[in-house]
Amino acid sequence: MINSAEPAPINSATLKQWIHSSGVDLVGIADAADLILSYPPRPATALMPSARSVVVMAVAHSLGAVYSPHIMLWTRNKMQTSRLLDETAEKICRTLEQKGFLSLPVSADKPAEIFKINPETGKKFRQTRAAGFLSLKHAAVSCGMGEIGRNNLLLTPEFGPHQRLCAILTEAPLEADARREFNLCNGCDRCMKACPVGALSRDRHDVDPCFVYWSYGFKKMPPGRLRDWPGFLSMILKHLRRRDMLVESGQTYITDVDNCIECMRVCPAGSMWKGIRPAARPSQRSGGTEITDI
Ligand code: B12
């Protein structure tokens, strides 16, 4: 029913059914005016002032890919989960718009907004930061899908941290799901211990070292003090001796290679994985772990 004057009725149950039938594992709905905000704040209504509802979707990763010996196998799986999510979001948005509701898919993947300058101080960040147009983890918590664990990832009762997220903003007035309390993160600290750059502590996630390791596999950040530069440059040289960073970056541009998912891999949450989670989980190779002597 394209361009109908009166929007056709649509409800949460029907919409969820459509989404599940596309292969999406979890769906939740939040009130667009009542999203939990993150920092920097990203209210749904800044993207679409008339938005009434935020539909959050999750697709589980293949656990075999999470525990694969090389991170690139996971990277590929991640891309496929993003594709399934983005394709579903696209189809659902078209359907909603045909029913008269302006709708906006918020991709599971990049691009994200890149900040060289700290908007609060006007000064250059030591390390460039990135923010999504909508924080998908916070949107998922807003609709009772799960909680944010010590690893700074969304944990769901079903899949723990092993899912990819995507969202749809829509004018459709859908019934929102209630927020829920969970105790999925048992504070085991495995994520803190597993992080190759110590980015996680009990109460925070230090985004800068995480970003540098995730992007390049470098365990050190460009130093602030002049006297630390020789050590940093020597680390870069060790990487360059063993790695062709130019060819690697070409591959990254094409397939969005990640260098680390350790905080996700070691997390024991997720009831769906109880029977199939491998007991032995050898650490995963990546661009960073190829260099063992630094
Ligand atoms: C940018 C980004 C990154 C960046 C920066 C992460 C970050 N913490 O900011 C990098 C590349 C490092 C990264 C790493 C990872 N990411 Co990421 N990432 C995103 C993205 C696109 C936006 C994140 C965002 O805006 N979050 C909102 C902020 C508030 O959340 P936050 O992390 O809690 O808070 C940080 C910021 O506020 C930042 N910060 C502090 N001050 C300032 C100031 C400014 C100006 C800025 C910009 C930021 C900033 O520091 C905070 C804490 O350190 C989202 C997708 C999305 N649109 O949500 C995926 C997403 C969060 N990532 C995801 C994943 C899986 C990962 C990784 C495992 C890597 C990987 N291989 O995929 C790691 C996990 C790191 C971790 N433990 O947090 C998944 C999480 C799924 C889940 N189950 O929760 C998401 C949701 C993608 C998706 N579609 O599913 N990610």
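**Figure 1. T156 and the residues it touches.** Leaving out residues up to four places away in sequence, T156 touches L26, M145, G146, Q163, L184 and G270; contact here means heavy atoms within 4.5 Å. This is a predicted model, so to speak of a local feature we ask for pLDDT of at least 70, and side-chain atom pairs count only at pLDDT 80 or more, while totals for chains, interfaces and linings use all residues. Residue numbers start from 1 along each chain as its sequence is written, and side-chain values use heavy atoms, with hydrogens and water left out. T156 sits in the loop between strand 7 (154–155) and strand 8. Helices (H or I, at least four residues) and strands (E, at least two) are DSSP runs numbered from the N terminus. With 0% relative accessibility, T156 counts as buried, where buried is under 20% relative accessible area, exposed is over 50%, and partly exposed is in between (1.4 Å probe, protein chains only). A polar atom of the T156 side chain lies 3.1 Å from the backbone nitrogen of F159.

**Figure 2. T75 and its link to D258.** T75 belongs to helix 4 and is buried, at a relative accessible area of 2%. Its side chain and that of D258 are joined by a polar contact of 3.1 Å. For a polar contact we want a pair of N or O atoms within 3.5 Å; within protein, one must be able to donate a hydrogen and the other to accept it, and residues adjacent in sequence count only if both atoms are side-chain atoms. Setting aside neighbours within four places in sequence, T75 is in contact with T255, D256, V257 and D258. D256, one of that group, lies in the loop between helix 9 (245–255) and helix 10. D256 has a positive phi near 55 degrees despite not being glycine, and is buried at 15% relative accessible area.

**Figure 3. The nonpolar cores.** What does the largest nonpolar core look like in residue terms? It has 33 residues, and V54, L134, M145 and L169 have the most contacts inside it. Strand 1 (26–31), strand 2 (53–60), helix 3 (63–66), helix 4 (71–98), helix 5 (136–142) and strand 8 (163–170) are the elements giving two or more residues to this core. Apart from it lies another core, of 20 residues, with V24, C93, L96 and L174 among them. A nonpolar core is a set of buried Ala, Val, Leu, Ile, Met, Phe, Trp, Tyr and Cys residues joined through side-chain atoms within 4.5 Å. As background, nonpolar side chains in soluble globular proteins tend to be buried together.

**Figure 4. L134 and the ligand shell.** Not counting residues up to four places away in sequence, L134 touches L35, R42, A44, L47, V54, V106, A139, A167 and L169. L134 also turns to the ligand: one of its backbone N or O atoms lies 3.0 Å from a ligand nitrogen atom. Among side chains, a polar atom of N152 lies 2.9 Å from an oxygen atom of the ligand, and a polar atom of W214 lies 3.4 Å from a nitrogen atom of the ligand. Of the 34 residues around the ligand, Y39, A108, N151, L154 and H205 come nearest; a residue makes the list if one of its heavy atoms lies within 4 Å. The shell splits into 23 nonpolar, seven polar and four charged residues. Ala, Val, Leu, Ile, Met, Phe, Trp, Tyr, Cys and Pro count as nonpolar, Asp, Glu, Lys and Arg as charged, and the others, Gly among them, as polar. Strand 5, helix 5, strand 8, helix 7 (207–216) and helix 10 (262–265) each put at least two residues into the shell.

**Figure 5. Two antiparallel strand pairs.** Strand 1 and strand 2 run antiparallel and are joined by six bridges, with G28 opposite V56. Two strands pair if DSSP finds at least two bridges between them. Five of the six residues in strand 1 are buried. Strand 4 (113–117) and strand 5 (124–131) are antiparallel too, through four bridges, and E113 faces A131. Six residues lie between the strands of that hairpin, where G122 takes a positive phi near 80 degrees.

Figure 6. Most residues other than glycine have a negative phi, and most peptide bonds are trans. The bond joining Y39 and P40 is cis, with omega about -5 degrees; P40 is in the loop between strand 1 and helix 2 (44–47). The bond from K110 to P111 is also cis, with omega near 5 degrees, and P111 lies in the loop between strand 3 (103–106) and strand 4. D189, not a glycine, has a positive phi of about 70 degrees. D189 is in the loop between strand 8 and helix 6 (190–194) and is buried at 9% relative accessibility.
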